[in-house]
Amino acid sequence: MDFETYLYDRVLPVIQSWNEKDIYAISFFVYCNEAYCYNEISNVSEFCISYCTEEGCGHAAPFSEERWNLPLCRQNETYIISPEDGNAGMQALFAWYKELGLENIGYENCEDMYDENMNYIGKGPVGYYELLCAVSNVARRLQIEGKIKEKFGAIPIIVHALEFYDLIGEVTENANPGGEAAPFLQFLKESAEEAAQAWEEYVQERDKSSDNCI
């Protein structure tokens with residue numbers, strides 16, 4: 001089974017049906033949750049597509065959180081893979097898992113979830129990373145074939161979850177080989193730098209307070 005072709009054939013007609021004039025980004029949302037169950041297997045992944053409009057984000061600045069906080073500004077969601085029993089996309093996903101030889105779908109291995117410093121890297125639970133990469137490749141094909149540009153202009157497809165971390169930048173960069181996602185990637189970089197600085201300031205204040213207590 002060519003699972004990526006299956007996904008491509010599912011998402012393309014949906015994207016081509018969108019007629020809003022101010023779409024600036026397409027969202028490919030891949031997410032898992034312990035509450036999502038399929039055939040008595042919990043923590044399965046879902047995949048839905050949607051878009052963001054200039055009106056929806058209030059014409060926010062290019063690198064602003066208001067513009068790129070996609071979980072809040074997505075519109076007109078269409079589920080391609082849903083944990084609901086009988087969903088054709090979920091059936092196709094599990095058939096693909098079987099071909100890959102994946103077992104224990106939904107199991108959370110600490111090594112796949114966190115690095116040696118316990119920073120979240122987002123490669124788990126089992127089955128999530130594989131779907132995320134497949135979705136990224138589908139987005140890449142859409143960009144390379146010009147399907148997005150001919151419909152909306154040179155806009156990015158953002159492959160993401162509820163939270164942003166390094167892996168999200170990697171799969172989104174892969175999805176946009178023409179550099180369409182540069183503003184989003186810059187936003188991720190600036191956000192990471194701000195978070196690192198805030199953490200450093202917190203540690204300094206904590207250590208200073210500890211010294212004062214001695």
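Two strands count as paired if DSSP finds at least two bridges between them; the strands themselves are DSSP runs of E with at least two residues, and helices are runs of H or I with at least four, all numbered from the N terminus.

This is a predicted model, where local features need pLDDT of at least 70, side-chain atom pairs count only at pLDDT 80 or more, and totals for chains, interfaces and linings use all residues. Residues are numbered from 1 along each chain as its sequence is written, and side-chain values use heavy atoms, leaving out hydrogens and water.

**View 1. An open sheet of four strands.** Follow the order β5-β4-β1-β6 and you'll find mixed pairing. At the edges sit β5 (75-81) and β6 (157-160), each with pairing on one side only.

**View 2. Zooming in on β1 and β4.** Strands β1 (residues 23-32) and β4 (residues 45-53) run antiparallel, joined by nine bridges. Look for Ile26, which stands opposite Tyr51 in β4.

**View 3. Who touches Leu131?** With contact meaning heavy atoms within 4.5 Å, the partners of Leu131 include Phe3, Leu7, Val30, Phe47 and Trp96, not counting residues up to four places away in sequence.
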